[in-house]
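Colleague: I am new to this structure and would like to go through it step by step. Please show it, and I will ask as we go.

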Amino acid sequence: MVRIATWNVNSINARLDRVLEWLEEAQPDVVGFQELKCVEEKFPFEAIESLGYNVAIHGQKSYNGVALLSKFPLEDLRRGLPENEGDPTDDHSRYIEAVIGAPTPFRFGCLYLPNGNPIGTEKFAYKLRWMARLYHHAADLLTLEEPLALCGDFNVIPEPEDADKPESWVDDALFQPESRAAWRAIKWLGFTDAQATVGAEPHGYTFWDYFRNAYERDHGIRIDHIMLSPQAADRLTACEVHRHVRGREKPSDHAPVVATLDL
DNA sequence: ATGCCGGGTGGAACCCGA
């Protein structure tokens with residue numbers, strides 16, 4: 001049994017106490033973090049490695065940044081998406097991937113998809129270009145026909161049911177028809193949305209704004225996803241959002257999503 | 001209900017996120 005997880009921590013250094021606390025109580029085997037907001041030299045390797053994790057990061061000053069944690073060896077590391085789909089000037093650190101050397105090895109990709117707001121700007125165009133690049137890379141990985149988990153902050157609200165008040169997101173990049181169509185296109189390559197499959201529940205949100213008491217009012221959205229290849233989905237037994245973590249002191253605005261695979 | 005909060009950096013009437 002392997003527990004995999006994804007969590008946008010909104011600054012690993014500002015969140016370190018919350019992160020260590022959650023790692024100790026949730027005991028995930030493999031984790032993808034997003035929005036580290038730091039370069040490699042400032043990442044708290046010692047604190048996390050002392051809990052028994054191998055760690056690899058793709059860092060960036062101030063913005064973005066993604067990390068992989070694994071109690072098994074990390075092999076065949078990749079930082080960034082392949083550049084063959086354009087955006088050779090893209091210097092954002094938004095993707096990291098490795099083969100997890102578990103008893104049954106599997107591939108794990110951790111992504112932080114661009115937000116894309118406001119719509120009608122270069123930022124939204126960048127989001128869609130990045131999703132096209134992810135589509136091509138995901139398609140390549142699926143041809144390997146191996147267990148694969150693509151996890152992270154997709155910054156897409158797939159369906160109206162994934163928002164407490166969908167009407168308040170109609171002008172937002174996360175809920176645009178183009179964003180949702182690109183998300184579905186990736187899924188239709190052959191992925192299983194772990195939470196929608198075995199963790200489906202009303203209000204299964206993963207993000208709540210910091211203001212207007214969004215968490216207390218459950219004014220949330222589901223934008224952090226665990227997508228599984230058929231070979232991984234066959235082994236999926238559970239998926240849950242650790243929403244209580246969002247209610248703690250000095251929380252991230254995202255909650256962790258955890259899936260259990262019978263691997 | 002407009003980044004309202006909360007990170008970043010750097011010293012901003014700044015940047016960013018969703």
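Modeller: Two residues are in contact if their C-beta atoms, placed from the backbone, lie within 7 Å. Please keep in mind that this is a predicted model.

Colleague: Of the contacts in chain A with a separation of 6 or more, what share comes from residues 24 or more positions apart?
Modeller: The contacts considered are those in chain A with a separation of 6 or more. Among these, residues 24 or more positions apart account for 70%.

Colleague: Why is chain A described as being as compact as a globular protein of its length?
Modeller: Chain A contains 6 helices and 14 strands. For its 263 residues the globule rule gives 18 Å, and the chain is as compact as a globular protein of that length because its radius of gyration is close to this, at 17 Å.

Colleague: Which residue has Ile96 as its bridge partner in S6?
Modeller: Strand S5, residues 74-79, runs antiparallel to S6, and 4 bridges join them. The residue whose bridge partner in S6 is Ile96 is Arg79.

Colleague: Is Leu150 buried or exposed?
Modeller: Leu150 lies in strand S8, residues 148-153. Beyond four places in sequence, Leu150 touches Gly109, Leu111, Ala138, Phe191 and Met227. A residue counts as buried if 20 or more other C-beta atoms lie within 10 Å of its own. Leu150 has 27 other C-beta atoms within 10 Å, so Leu150 is buried.

Colleague: How many charged residues does the surface near DNA strand B have?
Modeller: DNA strand B is surrounded by 22 residues, of which the closest are Ser11, Ala14, Asn115, Asn117 and Phe211. The residues of this surface divide into 8 nonpolar, 8 polar and, for the charged group, 6.

Methods. Residues numbered from 1 in each chain as written. Chains lettered and ligands numbered in written order. Predicted model: local features only at pLDDT ≥ 70, side-chain atom pairs only at ≥ 80, totals over all residues. Near = placed C-beta within 6 Å. Nonpolar A, V, L, I, M, F, W, Y, C, P; charged D, E, K, R; others polar. Helix = DSSP H or I, 4+ residues; strand = E, 2+ residues; numbered from the N terminus. Buried ≥ 20, exposed ≤ 12 C-beta atoms within 10 Å, placed from the backbone. Pairing = 2+ DSSP bridges. Rg over C-alpha atoms; globule rule 2.2 N^0.38 Å.
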